[in-house]
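Reader: I would like to go through the terms used for this chain and see what each one rests on. Please set the values against the definitions.

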Amino acid sequence: MPLRLDLVEKAWPMCEPFAIARGVQSDQPTLIVTLTGPDGLRGRGEGCGVDYAGETPAVMRAQLEALRGAIERGLERTDLADLLPAGGARCALDAALWDLEAHRLGCTVAELAGLPPLKPVTTAYTIGIRSLAGYEETARRYAAYPVLKIKVDGTDPVAAVAAVRRGAPD
């Protein structure tokens, strides 16, 4: 079944700058893929890519543009592994194809995949590199999370962990 492929580059703003060893990030560059069938149903997916692997929204867009003809002729999900390398472009297109198929069948993607009903999962809040006082303050603010992940630099990682522990003793 023919499809229309739409690609949109978006930079999702972060609630605060996120500092890690490689640098500071204030937004998450993303490629949004929308597939629209002749019936008007849409499937959407997005991929962020891995910046240190050279995956930017522009690179992912180029990968998908190279396959535009095959995609718009009705590419199957099962063909993706042979046509695209693992990464953000394949992730975004795969998600859009799953979403579209689920819409057509009137079910969820989990049901389509044969999975049991989805349940909430435990997630972590990641605290980026900051001052010791900043670690403690941020840990206090996010202490309700069951897991705090901490990014540290080489200055004094033990002191950073201790500051987080003061802010979120549990």
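Reader: What pattern does the chain follow along the sequence?

Author: The pattern is β-β-β-α-α-α-α-α-β-α-β-α, with seven helices and five strands. Helices are DSSP runs of H or I with at least four residues, strands are runs of E with at least two, and both are numbered from the N terminus. This is a predicted model, in which local features need pLDDT of at least 70 and side-chain atom pairs pLDDT 80 or more, while totals for chains, interfaces and linings use all residues. Residues are numbered from 1 along each chain as its sequence is written, and side-chain values use heavy atoms, without hydrogens and water.

Reader: What makes β2 and β3 a pair?

Author: Two strands pair if DSSP finds at least two bridges between them. Six bridges join β2 to β3, and the two run antiparallel. Ile 32 has Glu 46 in β3 as its bridge partner. The two strands form a hairpin with five residues between them, and Gly 40 in the turn has a positive phi of about 85°.

Reader: How do you know that β4 and β5 pair, and in which sense?

Author: There are four bridges between β4 and β5, in the parallel sense. Tyr 125 stands opposite Leu 148 in β5. From β4 the chain crosses through helix α6 (residues 132–141) to β5, a right-handed β-α-β crossover. Right-handed means that, with the strands pointing away from the viewer, the path from the first strand over the helix to the second runs clockwise.

Reader: What makes up the lining of the largest pocket, by class?

Author: Nine residues are nonpolar, five polar and three charged. Ala, Val, Leu, Ile, Met, Phe, Trp, Tyr, Cys and Pro count as nonpolar, Asp, Glu, Lys and Arg as charged, and the others, Gly among them, as polar. The largest share of the lining, five residues, comes from β2.
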